[in-house]
Amino acid sequence: HDEEGFTLIELLVSIAIFSIVVSIAVGGFTRALRTERQVAALISANSNASLVIEQIAREVRTGRDFVCSGTPCTELAFTNARNESVAYRLSSGAIEKRVDIARPFEPITAENIDAKYLFFLLFANPAFPPRITIALGVSAPIPGVDQTITRLQTTVSAR
């Protein structure tokens, strides 16, 4: 007698193989989603850090009367083009700015940034305009992921 169909064993084997293939595919998909979130967080943190270092550099470019605090210099104070007393520093993973000595420091970095370091190197020579090198190291605080530090640096010559 000629019966068509699958035996119970063939059905169980095919279900097991299908389950294994689906498990592998779902695992790969989950890893891809996690990696995509990590890359997006790193890109966002790097973009914000670039904007912050550019903001500092733009204000330094037109500043005067620079004073560095700390060894190495971790806080830069100066007078900007609007005759305001300005200071930049790192505090608790955020870069902060203060305008006017009587006002408090306020963070200028986004929540998705963990600033690891901020250093200023002031080159002052009476014969030349002052030059300030700004070095910044940031990472994106992603739970369960090694903290890759992106290092940014620029040198600005005050006008």
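I counted elements to begin with: the chain has one helix and eight strands, where helices (H or I, at least four residues) and strands (E, at least two) are DSSP runs numbered from the N terminus. Along the sequence I read the pattern α-β-β-β-β-β-β-β-β. The radius of gyration is 27 Å, well over the 15 Å that the globule rule gives for 159 residues, so the chain is more spread out than a compact globule. For that number I used C-alpha atoms, and the rule is 2.2 Å times the number of residues to the power 0.38.

Ground rules, for my own record. This is a predicted model, so local features need pLDDT of at least 70 and side-chain atom pairs count only at pLDDT 80 or more, while totals for chains, interfaces and linings use all residues. Residues are numbered from 1 along each chain as its sequence is written, and side-chain values use heavy atoms, with hydrogens and water left out.

Overall extent next. I got a C-alpha trace spanning about 105 × 30 × 25 Å along the principal axes. Of the 159 residues, 28% count as buried; buried means under 20% relative accessible area, exposed over 50%, partly exposed in between (1.4 Å probe, protein chains only). I also looked at contacts (heavy atoms within 4.5 Å). Of those with a separation of 6 or more, 41% come from residues 24 or more positions apart.

Then the sheet. I found an open one of three strands, in the order S6-S7-S8, with antiparallel pairing; two strands pair if DSSP finds at least two bridges between them. Its edge strands are S6 (114–123) and S8 (150–157), each pairing on one side only. From one strand to the next, the twist averages 15 degrees. Axes here are lines fitted to C-alpha atoms, for helices over the stretch in contact, with angles from 0 to 180 degrees between N-to-C directions. S7 (residues 131–139) and S8 share eight antiparallel bridges, and Ala-135 has Gln-153 in S8 as its bridge partner. What packs on this sheet? I see helix H1 (residues 8–61) there, touching S6, S7 and S8, its direction at about 15 degrees to that of S8.

On to the hairpin. S1 (residues 64–69) and S2 (residues 75–79) pair in the antiparallel sense over four bridges, with Val-67 opposite Ala-77. Five residues sit between the two strands, and Gly-70 in the turn has a positive phi of about 95 degrees. I noted Pro-72 in that loop as well: the peptide bond from Thr-71 to Pro-72 is cis, with omega near 0 degrees.

How many disulfides are there in the whole structure? I searched and found one, counting a pair of cysteine sulfur atoms within 2.5 Å. Cys-68 and Cys-73 form it, with the sulfur atoms 2.3 Å apart. The S-S torsion is about -85 degrees, so the disulfide is left-handed. Buried or exposed? Cys-73 is buried at 8% relative accessible area, whereas Cys-68 is partly exposed at 27%.

Last, positive phi outside glycine. Asn-83 has a phi of about 60 degrees and sits in the loop between S2 and S3 (85–91). At 55% relative accessibility I logged Asn-83 as exposed. Asp-100, with phi near 80 degrees, lies in the loop between S4 (94–99) and S5 (106–107). Asp-100 is partly exposed, at 41%.
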